[in-house]
Amino acid sequence: MQSLTAPETPTTPRPRAVRGRWIWRLSGVATVITLGIFGSWAIVRAADGHPGQSPMTALPTRTVTVTAPVTALNVQSYGAPIKITTVQSGPVQIAESILYPADGNGPPAVTDTDSHGLLTLAAPACANADCSVGFTVTVPSGVTVSAVADGGAVTVVGTGAANVDSGGGPVYAAGISGPLTVNAEGGGVTVNNVASADLDSGGGPVTASGISSKLTVHAEGGGVTVSHAPTAAVDSGGGPVYAADIRGPLTVRAEGGEVTVTGAGASNIDSGGGPVTATTIRGPLSVAAEGGGVQLDSVTGALDADTGGGPLSGTIITSPSATVHAEGGNVTLGFTTAPSSVLVSTGGGGASLSVPGGPYAVNANSGGSTESVLIATSPGASRSISVSTEGGNLQIGPA
């Protein structure tokens with residue numbers, strides 16, 4: 001295909017520090033006007049507040065129609081926004097907006113290359129010059145997409161598989177029927193109703209909901225909110241994590257961030273020091289808090305918790321077995337069904353347990369502190385409770 005703009009005037013490329021990422025943030029850049037055809041004029045404004053930077057020229061937006069069949073799309077904007085939406089059928093529509101230095105040799109040539117159904121949109125000259133091209137593209141639904149923005153915002157809606165690298169810009173993706181991969185390098189990521197997602201925000205916040213298959217999130221310090229997924233693996237890198245309605249297995253690594261889970265299957269949570277709240281866990285639960293407090297409610301599977309010194313409080317526990325190590329923190333557990341085995345070691349903190357039924361084979365050691373066992377006991381009972389507080393008050397009573 002021919003270039004979408006006027007032929008490129010030969011230039012001597014100048015090295016750039018950030019491949020044009022700053023262009024779309026200039027406070028004095030002219031507003032780009034949407035036109036149906038390419039205009040013969042341009043608007044020039046100085047880059048206020050950026051001494052030494054050249055004034056920028058903004059060409060009016062123009063639209064182009066591609067009639068050849070397109071099954072895949074590659075877009076690179078060099079710092080400008082990218083927006084990709086879909087229609088059921090029809091030709092591909094492209095709107096482009098160009099910024100380039102006013103003291104240069106004119107606008108870069110924007111090319112579209114169509115090869116066996118793969119449409120590539122780019123402006124190769126912008127790889128080594130302070131220019132950028134924003135693209136708004138409408139493609140048939142199901143098209144596979146690759147978008148590289150170098151700092152610009154990226155929006156992808158209704159496509160097939162999508163691979164997005166925003167280079168620091170925010171990302172929004174919705175209605176993606178194939179696998180979605182996002183690298184945001186610090187930009188925020190918002191994802192809704194996608195088949196599967198592998199998200200790396202590089203420090204930005206992540207919100208993901210309505211995932212049909214596997215969800216993986218790396219946030220490197222950003223906050224993470226995930227919901228309505230069959231399974232999820234989250235590593236926030238220190239940011240807080242909120243997970244809700246995860247129907248299957250959930251894995252969380254927070255490295256000091258607060259973790260809140262409301263509704264999940266088998267769960268493995270390592271807060272790295274942050275507090276943990278887990279409610280309605282429909283399967284085994286493993287918690288490592290490394291000093292953070294732990295609050296549990298409605299846990300049905302086997303419970304294995306190590307607070308690392310923080311307190312633990314659990315209510316409506318129906319776990320068949322429970323092992324809790326607190327290393328100095330207080331432990332309170334309320335069972336609503338009789339457990340087969342319970343092992344609690346507080347390392348100096350107090351312990352208070354309530355259990356229904358009995359008798360239980362009980363081994364209680366308060367280390368000389370106050371000790372109260374108010375349930376039916378029998379050394380030969382099939383159910384067992386072992387509690388050691390090493391100096392903390394100890395109480396075992398009926399539920």
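Tutor: Then let us begin with two definitions: buried means under 20% relative accessible area, exposed over 50%, and partly exposed in between, computed with a 1.4 Å probe and protein chains only. Helices (H or I, at least four residues) and strands (E, at least two) are DSSP runs, numbered from the N terminus. The model is a predicted one, in which local features need pLDDT of at least 70 and side-chain atom pairs count only at pLDDT 80 or more, whereas totals for chains, interfaces and linings use all residues. Residues are numbered from 1 along each chain as its sequence is written, and side-chain values use heavy atoms, with hydrogens and water left out.

Student: How many helices and strands does the protein have under that definition?

Tutor: The protein has zero helices and 35 strands, and buried residues make up 46% of its 399 residues.

Student: Which residues of strand E24 form its covered face, and which its uncovered one?

Tutor: In strand E24, residues 285-288, Leu 285 and Val 287 form the covered face, while Ser 286 and Ala 288 form the uncovered one.

Student: What makes E24 a paired strand, and with which strands does E24 pair?

Tutor: Two strands pair if DSSP finds at least two bridges between them. Strand E22 (residues 267-270) is joined to E24 by four bridges, the two running parallel, and E24 also pairs in the parallel sense with strand E26 (residues 303-306) over four bridges. As for individual partners, Ile 269 has Val 287 of E24 as its bridge partner, and Ser 286 has Asp 304 of E26.

Student: Which strands pair with E21?

Tutor: Strand E21 (residues 259-264) pairs in the parallel sense with strand E19 (residues 241-246) over five bridges, and E21 pairs with E23, again in the parallel sense, over five bridges. Ile 246 stands opposite Ala 264 in E21, and Thr 262 stands opposite Thr 279 in E23.

Student: With which side chain does the side chain of Thr 61 make a polar contact?

Tutor: The partner is the side chain of Ser 97, at 2.5 Å. A polar contact is a pair of N or O atoms within 3.5 Å, where within protein one must be able to donate a hydrogen and the other to accept it, and residues adjacent in sequence count only if both atoms are side-chain atoms.

Student: How do you know that Cys 126 and Cys 131 form a disulfide?

Tutor: A disulfide is a pair of cysteine sulfur atoms within 2.5 Å, and the sulfur atoms of Cys 126 and Cys 131 are 2.1 Å apart. The structure holds one disulfide, and both Cys 126 and Cys 131 are buried.

Student: Why is this disulfide called left-handed?

Tutor: The torsion about the S-S bond of Cys 126 and Cys 131 is about -125 degrees, so the disulfide is left-handed.

Student: What is the phi of Asn 193, and why is Asn 193 called exposed or buried?

Tutor: Asn 193, in strand E14 (residues 189-200), has a positive phi of about 55 degrees although it is not a glycine. Most residues other than glycine have a negative phi, and most peptide bonds are trans. The relative accessibility of Asn 193 is 53%, over the 50% limit, so Asn 193 counts as exposed.

Student: Where is Pro 359, and what is the peptide bond from Gly 358 to Pro 359?

Tutor: Pro 359 lies in the loop between strand E31 (351-355) and strand E32 (361-365), and the bond from Gly 358 to Pro 359 is cis, with omega near 0 degrees.
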